[in-house]
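Colleague: I have not looked at this one before. Can you put it up and walk me through it?

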Amino acid sequence: MKSILRGGLITDDDKISDRQVAFLIDAARATLLRQQINKGQSLSDNNVQTIKCLPVSSTDTSFDSSIPLDCKVYKTTQQIPKPIEGKNKDLITAIGSSEFGGFTYEFIPYTRVPYATYTRFKRPFATLFNNYIYVIDAPYIENISVTGIFEQPNDIVNYDDCAGNACFDWDSTYPMSSHLIDPAIKMVVEELSLAIKVPQDRTNSGNQALEEQSKSEEGGGKV
């Protein structure tokens, strides 16, 4: 990315950091995916990531008085990364047991929880509240997996599977559909070009002002 911006030349003192570039790529990806959602287009699984092993613990229902006291509720011991929002819902695409072929839970928006807990035909479901996943009316569980489209894919480095292997690292394939790559690169290059240009323009404007002031003072000093 920096090579494109610099015309193939990268120096050790380049003020554009890799972290800045990574942040802008994430932002461009999120923007493009939201645009697809707003147009009613489906999103490819190439954009999703899975946190394979999230420990949960039994908790009470004090976080929401609308949930019946006799409900069995499990809460993840860790918060999950912020998912991308689309059409009034968080893009969590699947929640289930960490075991292959295990039980899956319907994911519903938090605002629907009061209605789901009083439905006539109850079944386990999951929701997101304060970045914690809650599994409600479920049988005993120890770990769950969470699949979704997250705003910053690199946040998944903080999670592993139940065997201790990282769910994502710098060598992992970046979760973005191939047709979004060129538009994302264009957006990032434009953003970085602007960031480079603005300080230079300010410097030039400042130098010009100093030159004009100097000429004025010199002119004023003549007899």
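Colleague: Which residues lie nearest the centre of the largest pocket?

Modeller: Bear in mind that this is a predicted model. Nearest the centre of the largest pocket are Ala22, Ile25, Asn154, Trp170 and Tyr174, out of 20 lining residues.

Colleague: Which elements give two or more residues to that lining?

Modeller: Those are α2 (18-38) and α4 (181-220). The most comes from α2, which gives seven residues.

Colleague: And how do the lining residues of the largest pocket divide by class?

Modeller: Twelve are nonpolar, three are polar and five are charged. The space in this pocket is about 490 Å³.

Colleague: What about the second largest pocket, how much space lies there?

Modeller: About 220 Å³. It has 13 lining residues, and Lys89, Asp90, Leu91, Ile92 and Thr93 are the closest to its centre. Strands β4 (89-90) and β5 (92-97) each supply at least two residues of the lining.

Colleague: Does it pair with β6 in the parallel or antiparallel sense?

Modeller: Parallel, over two bridges, with β6 being residues 104-107. Phe107 has Ala126 of β7 as its bridge partner.

Colleague: And in which sense do β7 and β8 pair?

Modeller: Antiparallel, over five bridges, with β8 at residues 132-136.

Definitions and conventions:
Residues are numbered from 1 along each chain as its sequence is written. This is a predicted model: local features need pLDDT of at least 70, side-chain atom pairs count only at pLDDT 80 or more; totals for chains, interfaces and linings use all residues. Side-chain values use heavy atoms; hydrogens and water are left out. Two strands pair if DSSP finds at least two bridges between them. Helices (H or I, at least four residues) and strands (E, at least two) are DSSP runs, numbered from the N terminus. On a 1 Å grid over the protein atoms alone, a cavity is a set of points where a 1.4 Å probe fits but cannot get out, and a pocket is an open set with protein on both sides within 12 Å along at least five of seven lines; lining residues have an atom within 4 Å of a point. Grid points are joined across faces, edges and corners, and a volume is the space filled by probe spheres set on the points. Ala, Val, Leu, Ile, Met, Phe, Trp, Tyr, Cys and Pro count as nonpolar, Asp, Glu, Lys and Arg as charged, and the others, Gly among them, as polar.
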